[in-house]
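Please load the model in the viewer and keep the selection panel at hand.

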Protein chains: 4
Amino acid sequence: MVIVSNVQQKVTPAGIVPARQSLIEQFRVVRGWSERLAEPLSAEDQTIQTMPDVSPTKWHLAHTSWFFEAFILKPHQPDYLPLDPRFHYLFNSYYEALGERHPRPRRGFISRPGRDEVVAFRRHIDEAMAALVADCDDRTFESVAPLVVLGLHHEQQHQELILTDIKHVLSCNPLWPAYKQTPPAATTGAAPLRWHEFEGGLAEIGSDRTGPGMGYDEFGFDNEGPRHKVWLEPFRLASRPVTNGEFLEFIEDGGYRRHELWLSDGWATVNAEGWTAPMYWQRRDDGGFDHLTLGGRAPVDPAAPACHLSFYEAAAYANWAGKRLPSEAEWEVAAEGIEPAGNLLDSGHFRPVAASGTVDGPAQLYGDVWEWTGSAYLGYPGFRAAAGAVGEYNGKFMCNQFVLRGGSCATPPGHIRRSYRNFFPPNARWQFSGLRLADDA
Amino acid sequence: MVIVSNVQQKVTPAGIVPARQSLIEQFRVVRGWSERLAEPLSAEDQTIQTMPDVSPTKWHLAHTSWFFEAFILKPHQPDYLPLDPRFHYLFNSYYEALGERHPRPRRGFISRPGRDEVVAFRRHIDEAMAALVADCDDRTFESVAPLVVLGLHHEQQHQELILTDIKHVLSCNPLWPAYKQTPPAATTGAAPLRWHEFEGGLAEIGSDRTGPGMGYDEFGFDNEGPRHKVWLEPFRLASRPVTNGEFLEFIEDGGYRRHELWLSDGWATVNAEGWTAPMYWQRRDDGGFDHLTLGGRAPVDPAAPACHLSFYEAAAYANWAGKRLPSEAEWEVAAEGIEPAGNLLDSGHFRPVAASGTVDGPAQLYGDVWEWTGSAYLGYPGFRAAAGAVGEYNGKFMCNQFVLRGGSCATPPGHIRRSYRNFFPPNARWQFSGLRLADDA
Amino acid sequence: MVIVSNVQQKVTPAGIVPARQSLIEQFRVVRGWSERLAEPLSAEDQTIQTMPDVSPTKWHLAHTSWFFEAFILKPHQPDYLPLDPRFHYLFNSYYEALGERHPRPRRGFISRPGRDEVVAFRRHIDEAMAALVADCDDRTFESVAPLVVLGLHHEQQHQELILTDIKHVLSCNPLWPAYKQTPPAATTGAAPLRWHEFEGGLAEIGSDRTGPGMGYDEFGFDNEGPRHKVWLEPFRLASRPVTNGEFLEFIEDGGYRRHELWLSDGWATVNAEGWTAPMYWQRRDDGGFDHLTLGGRAPVDPAAPACHLSFYEAAAYANWAGKRLPSEAEWEVAAEGIEPAGNLLDSGHFRPVAASGTVDGPAQLYGDVWEWTGSAYLGYPGFRAAAGAVGEYNGKFMCNQFVLRGGSCATPPGHIRRSYRNFFPPNARWQFSGLRLADDA
Amino acid sequence: MVIVSNVQQKVTPAGIVPARQSLIEQFRVVRGWSERLAEPLSAEDQTIQTMPDVSPTKWHLAHTSWFFEAFILKPHQPDYLPLDPRFHYLFNSYYEALGERHPRPRRGFISRPGRDEVVAFRRHIDEAMAALVADCDDRTFESVAPLVVLGLHHEQQHQELILTDIKHVLSCNPLWPAYKQTPPAATTGAAPLRWHEFEGGLAEIGSDRTGPGMGYDEFGFDNEGPRHKVWLEPFRLASRPVTNGEFLEFIEDGGYRRHELWLSDGWATVNAEGWTAPMYWQRRDDGGFDHLTLGGRAPVDPAAPACHLSFYEAAAYANWAGKRLPSEAEWEVAAEGIEPAGNLLDSGHFRPVAASGTVDGPAQLYGDVWEWTGSAYLGYPGFRAAAGAVGEYNGKFMCNQFVLRGGSCATPPGHIRRSYRNFFPPNARWQFSGLRLADDA
């Protein structure tokens, strides 16, 4: 996914030393965050895989380290000695170009290396990376820095997965244990739903900063570009995501039993899986709903954004409401001028990343829930995947997935961008995914 | 899918009688064609279902009749008596609004009604329909005519399926019998591949004639509209579809063994299904390929368009060729001014429906193979499915499918349009589907 | 399964001619019976396969002919010309030694050869067989006659399967059509249940007539021998099979919901399949039960033997009744001196084959329902399968099946013997299978 | 499975105190052994489940404790307080009578309680049990002691499963780690194969000591009785199990590719699973075989008994050798007068439990490999399962399994008996299972 030729900023010899210091600091922060996420978890917690989509925490910790080893240390550090050469096979995720790998549905069958050995593997990589970045010649640094930046953003993607996956793991335990006890959020009523009007016309979306720069903040994934023109008809966008309270009305109105609201594949899924509510919701004896949160079992908060919805449920809800999902172009245009607050050095997990500045547009665009759009995940006009293993990052998944925008409460600080394109198959529910309504103007 | 308010042409009392005669004639032609397609088949041939996607010929013959009974005769002809009320359950396809139905994967478990009883059911419907159209009052005719037109286009869609489905059925017989012996086509070399350039910009695609008019020729499916603007970058389109000879080069170059050419889902499918060539191809002992045609087993003709390709294979081929698939908007813009020849009264099956007039644009756009586009099948801006059962026609399938354009050698005469949007999941191969290359200009 | 050395009777030149005439007559009778069974069925009926265990009628008709071709005509008639050499592949059932074959679950995918061609295949075999038996030299006749006899008994096994399989096929049609309209049987109450006492001790069971003789009546399957000693404790056997009325009491007492009555595998099957009654039973709105018979849908007759039970249901019923199933040795000892009435030339289908003579022992042993025993289907002491293809007949299935004894209303005349060992897996229900209770004395 | 009325020894008030001391000591030894088995394993190792048949070590440790809680402490100790009442749901294995339970295939989804909490659960049970046995009144002791004895034998069964299951878990790790490094055994050649002749006739097998006595050594499972007569024909039994070297000859002779050697179900399994050697064997580049042992990967020792064979493989080998498997009655008669050495207080794991005394009969009957017999696992004549939950122990599995005799190197000391009936389905290979040949005399 890296198009190295996109790295266009000038790298002067004078600029390099601070760039190296800064990169090492960014590396340290990102890597440390992964380990903070694993802290509340026992060795056993970190080992389990409860469905093929889920990976064990321990695997995430090792795979993100493998990434630096496979893409940077082995090609660019001639003296590098792997801690254990067999980890190359164990911790490759899906890079066909890098050889055979351990099958994904069997990641939970690996008790050894244990948690402590994985931590040692991380230390080994951390030290080798710090040494490489500090000591390599300038020419190597120019090649390596963009890969380090890519590796950091890659690791942040897995930080969100650590949380979504452990939530699934703990949900399969009939005791419904908490990931981490947290004080209940002070609940206030949801803001009333308003509509923002947009006039359409010829717009531009996407980013030309596709590919890593020399530092964390200059990064964009290849699938975010090229920046390109789209024609939009006038449209309206809701001021905030659909809330649990609103989604409850859909449930109580028979939403899960009315075929006419659903896509055909969605209706088949509802019936095959027996869905009657969002994932992790459970009807209490008193008729209300509890849901599983990372802080344990709790009553559903009607003011919070509805979450753990599949695309099918999002689309059915929009149908029921007489509205539709926004396209990703509409979402991006509507978000113009609104940037996420927070940055890499924040430690703001579990607090939504609010938008920065005074905002007159739609609210809660960033850091609450990923918002399903009605757009299939395809390459933008002019998109071409890069050659080689690193080109397997995004392009090969452009099929049978839908785009989500905005970022969730589990997205790590600094990792949210307006042009960011997340994507999942339409039946996926274990992510922190919700929706925001749109309509023709 | 019918948007009745689109039926805008004036219906004067004077105009009705010829309209009725014309409609009855169109009805007679379309219905007769279905039965001509079944003529070469034994009662046993017409009964078998070889995969859930395939329906028995007999079922197609009955279901297309059921459509007229369910949507027209029962609601609009108070005296109508069903031949057998249980057929309503047996021959509903997927209309949830019309009640429970026989499960799709079990359509091949129905030996009774037998072929002869199904023919009798068709006669029963034909007579009741002719009487209704001839004798109803004008107000009823205005309601009924658009539904009849819809029913005819619906039946024509099933005519193509009768051929694709029986081809699959016969292919599961190790004797590889022919549907109908045909003289081998005189093979001439394929035309050399040229490129047509298009300058892009703001274009319009889609049709506003969505919904049936009062006659066969005034029809468009709801998913073909609304007509709307799209922005296109400059692009190039190949002068003809990819040929078997060209696809053989892909095979011989290891195309089916090179992961880097494939989408991730496609690569998984290649390996799970053991694909090594298009569907219905079989390697001969001399190293060449035979394929199963409706006329029986025959050597692959290198000049003919490559066919029975999934979207995955089409996309992998385009990657290998350093090109890409066109979007459906590009395809439609490139086809501007080129209309399919032939009409309903032709009997031109198995002869490609050539384009009419002197053509200076891309060739073989209509009537050879359905051409996969790179566009996911979604509703156009402003699309809304109609209410009620008839609205289940197209919209509920807008998920995990890709658009195909152009029409194939199995598409019945008159049923090809420039704005026509066919759609299938990316792994489907049993349709007459191929591809045409595109590129950025 | 043929142990040719068992053919011990003297064959004098003088004796051969009548033996040939008799064999030809037996051949004619058995072959004709198969075709009578197919008479009520349409070409479509005869083509369908509704589960892997079920074969189409047409396949049974062809496979039984293939048997004579593969085992007799090809090896013993040098001039023999197959009607179609490809039938060898199509109609082999499971004989690994005879090469590759069409996969069993795809027998319903064969529309061609059609019914009429299969009948022509039968004529072809019939004529070739009659010519061979009439004209071959004596030495050949001695080799061939036992194989003909085996082929006849093989065909009779398939005659029962034609009925059980078509019953399943018709049951998958929601219209529940009848195989053949029959006048309802005059219902009389079931005889009261009595117990016959047996003192046990050292007994002999099994038959040494294992292998075909020179004529139909001298036959036993290899698995019926060797005759051997068994030690039996004193036991009691019920005077008749369990009736529908009795089985209804089990149902109404919650039999299908009480885990403690079931084998572990049986309980898993009950829950996975949702069993709540014998196969082909359906609860009416008035609370009673209908069942599907070959004569169509009819109310369950409380006096008739309970039928279409799996071994699991038979064992659960016996548990519920505080009794057990008999071992096959107990059954055979209890049946000593009681022989089935009827012979090959009878045409008594659908009338139970009563026992012959005045009987003072258990009643209804033959020709009502196959009776599950508690004995696993294993080889008797000293059993060895014959070498070659014909040895694949019985021995290779001696695993995970249970023995049934007695014969059912669908067993053809002449094909019932006291030593006959039928066998099916414990979850099989589509046979005419019931049970008779036993107990320790 | 306990038939309490079988507990016939006199319990005098005087005898009780030593009986209590002895029982407490036996309890301590057995419970300690389980924990010694878990010692080499990390918390992660103990958590993983690699197929539905396999349970995590941690689960075994908890479930064997649950057994004492559910069957003894809750019913007999009124003051008993569970450590966590939710464990009752988590750690029930299959006792329907004790309510709902966590689904077996999801035992590996439980990270909490963790290993340390499970150890704490064991301590809780140990203390409560010791207190109960020491302090209860005599009448309670009479009820409780047989249940304690049953619980000890139950726990020993799980001790063998801890080893077979962890072997499977570790084998799913591509690093093939060792359970415990062990010095390689000094290999000596296998003894030459000899045959022992037995004359048959009326014999007695089985044990009347079915049900626990008041102490560990007075125990037999309910399925080991009643003792009963069987008639045996003269037979021969091999002097030792089939060795790896002999099994290699079968492999090299194409044993896994020759359908005629296999049961039909076995042949289907060979092809579906791709079996080409015993489980845990892997072909080296030099053509030889390594196998996974609990001590790590090692070359196959030709002199050691062949192991990790399914019944299908055992039966195919016997066919290939022109012999057969013994019946369980033959095995037990041949073993008459030969008792296993060792007792509960031994710590002889990984050393075969030799037979005691000077033996003139077959060797290696105990403690090498479980030997498949040709006998289906069914109840002996007169067998009836006990009422209640404890009756679910053995009887409900009497279907589709075969009997194994003798005990393996993984069977704990003291847990081997001549009358012991182990049983597994014919496709099971993860146990330490091999075979010994038999033949008709």
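How many residue pairs are in polar contact between chain A and chain D, both at pLDDT 80 or more? The count is 10 residue pairs. The model is a predicted one, and every value below is computed from it.

**Chains A and D**

Begin by displaying these two chains together.

Two salt bridges are counted between chain A and chain D. For one of them, select A:Asp45 and D:Arg112: their closest N and O atoms are 2.9 Å apart. That separation falls within the 4 Å cut-off applied to a salt bridge.

**The axis relating A and D**

Now superpose chain A on chain D. Through which surface do the copies meet, the same or a different one? They meet through the same surface, because 100% of the interface residues of chain A are also interface residues in chain D.

**The axis relating A and B**

Chain A is superposed on chain B by a rotation of 180° with 0.0 Å of shift along its axis, at an RMSD of 0.0 Å. This is the relation of a two-fold axis. The C-alpha of chain A nearest that axis belongs to A:Asn400, 2.4 Å from it. Here too one surface serves both copies, since 100% of the contact residues of chain A recur in chain B.

**Pairs without contact**

Which chains do not touch? Chain A and chain C do not, and their nearest C-alpha atoms are 15 Å apart. Likewise, no contact joins chain B and chain D, whose closest C-alpha atoms also lie 15 Å apart.

**An aromatic pair in chain B**

Over all chains, the structure holds 128 aromatic pairs. For one of these, select B:Tyr94 and B:Phe397: the ring centres are 5.0 Å apart and the planes stand at 80°, so the pair is edge-to-face. B:Tyr94 lies in the loop between helix H3 (87-91) and helix H4 (115-135) of chain B, and B:Phe397 in the loop between strand E8 (370-376) and strand E9 (402-405), so the pair ties together parts 303 residues apart in sequence.

**Backbone details**

Return to chain A and select A:Arg112 and A:Pro113, which are joined by a cis peptide bond with omega of about 5°. A:Pro113 lies in the loop between H3 and helix H4 (115-135) of chain A. In chain C, a cis peptide bond joins C:Arg112 and C:Pro113, with omega again about 5°; C:Pro113 is found in the loop between helix H3 (87-91) and helix H4 (115-135) of chain C.

Finally, select A:Tyr280, which has a positive phi of about 75° although it is not a glycine. A:Tyr280 lies in the loop between helix H7 (264-273) and strand E5 (281-283) of chain A.

Definitions and conventions
Residues are numbered from 1 along each chain as its sequence is written. Chains are lettered from A and ligands numbered from 1 in the order in which they are written. This is a predicted model: local features need pLDDT of at least 70, side-chain atom pairs count only at pLDDT 80 or more; totals for chains, interfaces and linings use all residues. Side-chain values use heavy atoms; hydrogens and water are left out. A salt bridge is a side-chain nitrogen of Lys or Arg within 4 Å of a carboxyl oxygen of Asp or Glu. A polar contact is a pair of N or O atoms within 3.5 Å; within protein, one must be able to donate a hydrogen and the other to accept it, and residues adjacent in sequence count only if both atoms are side-chain atoms. Copies are superposed by least squares on the C-alpha atoms of residues with pLDDT of at least 70 in both. Contact means heavy atoms within 4.5 Å. Rings of Phe, Tyr and Trp (its six-membered ring) pair if their centres lie within 6.5 Å; planes under 30 degrees apart count as stacked, over 60 as edge-to-face and the rest as tilted. Helices (H or I, at least four residues) and strands (E, at least two) are DSSP runs, numbered from the N terminus.
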